[in-house]
Amino acid sequence: MLLLPKLHNLPKSLPIEGAVRIELIEGIPIFRASSTVQERIDTLLEKQQTSLLNSQEEQELDLYEEIDDYLSFINRTIRNLYLDQNQSDL
């Protein structure tokens with residue numbers, strides 16, 4: 001049985017709408033951060049390289065990392081289910 005990772009908080013800067021986009025790759029839906037969210041992550045990463053992030057920014061970046069891990073888990077699960085289904089059909 002698959003256990004979904006649990007997200008405890010979301011970054012306050014995460015937009016309620018338009019945070020995730022869906023792409024079709026080989027007929028499989030893949031969930032990715034929207035360009036708006038990706039720009040914010042890039043901004044935080046650039047700042048992290050040139051100076052120290054404050055505690056709120058560190059927490060925000062950590063929460064975005066959790067969301068990325070969550071989306072990666074969902075994408076792997078969907079892809080594996082699709083591959084299993086296709087192998088069963090053979």
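A salt bridge is a side-chain nitrogen of Lys or Arg within 4 Å of a carboxyl oxygen of Asp or Glu; a search of the whole structure finds four of them. The legends describe a predicted model, in which local features need pLDDT of at least 70, side-chain atom pairs count only at pLDDT 80 or more, and totals for chains, interfaces and linings use all residues. Residues are numbered from 1 along each chain as its sequence is written, and side-chain values use heavy atoms, with hydrogens and water left out.

View 1. Strands S1 (residues 20-25) and S2 (residues 28-33) run antiparallel and are joined by six bridges. Strands (E, at least two residues) and helices (H or I, at least four) are DSSP runs, numbered from the N terminus; two strands pair if DSSP finds at least two bridges between them. Two residues separate S1 and S2 in the hairpin, and glutamate 26 in the turn has a positive phi of about 55 degrees. Isoleucine 30 in S2 is the bridge partner of glutamate 23.

**View 2. Salt bridges of glutamate 23 and its partners.** Arg21, Glu23 and Arg32 are linked in a network of salt bridges. Between arginine 32 and glutamate 23, the closest N and O atoms are 3.1 Å apart. Buried means under 20% relative accessible area, exposed over 50%, and partly exposed in between (1.4 Å probe, protein chains only). Arginine 32, at 33%, counts as partly exposed, and so does glutamate 23, at 25%.

View 3. Arginine 40 pairs with glutamate 60 in a salt bridge, with 2.8 Å between the closest N and O atoms. Because arginine 40 lies in H1 and glutamate 60 in H2, this pair ties together parts that are 20 residues apart in sequence. Arginine 40 is partly exposed at 28%, whereas glutamate 60 is buried at 11%. A salt bridge also joins the side chains of glutamate 57 and lysine 47 (2.8 Å, N to O). Glutamate 57 is in H2 and lysine 47 in H1, so this pair ties together parts ten residues apart in sequence. Glutamate 57 is buried at 13%; lysine 47 is partly exposed at 31%.

**View 4. The largest nonpolar core.** A nonpolar core is a set of buried Ala, Val, Leu, Ile, Met, Phe, Trp, Tyr and Cys residues joined through side-chain atoms within 4.5 Å. The largest one has ten residues, among them Leu14, Ala19, Val37 and Tyr64. Helices H1 (35-50) and H2 (55-89) each supply at least two of its residues, and H2 gives the most, with four. Contact means heavy atoms within 4.5 Å; valine 37 touches Leu14, Pro15, Ala19 and Tyr64, not counting residues up to four places away in sequence.
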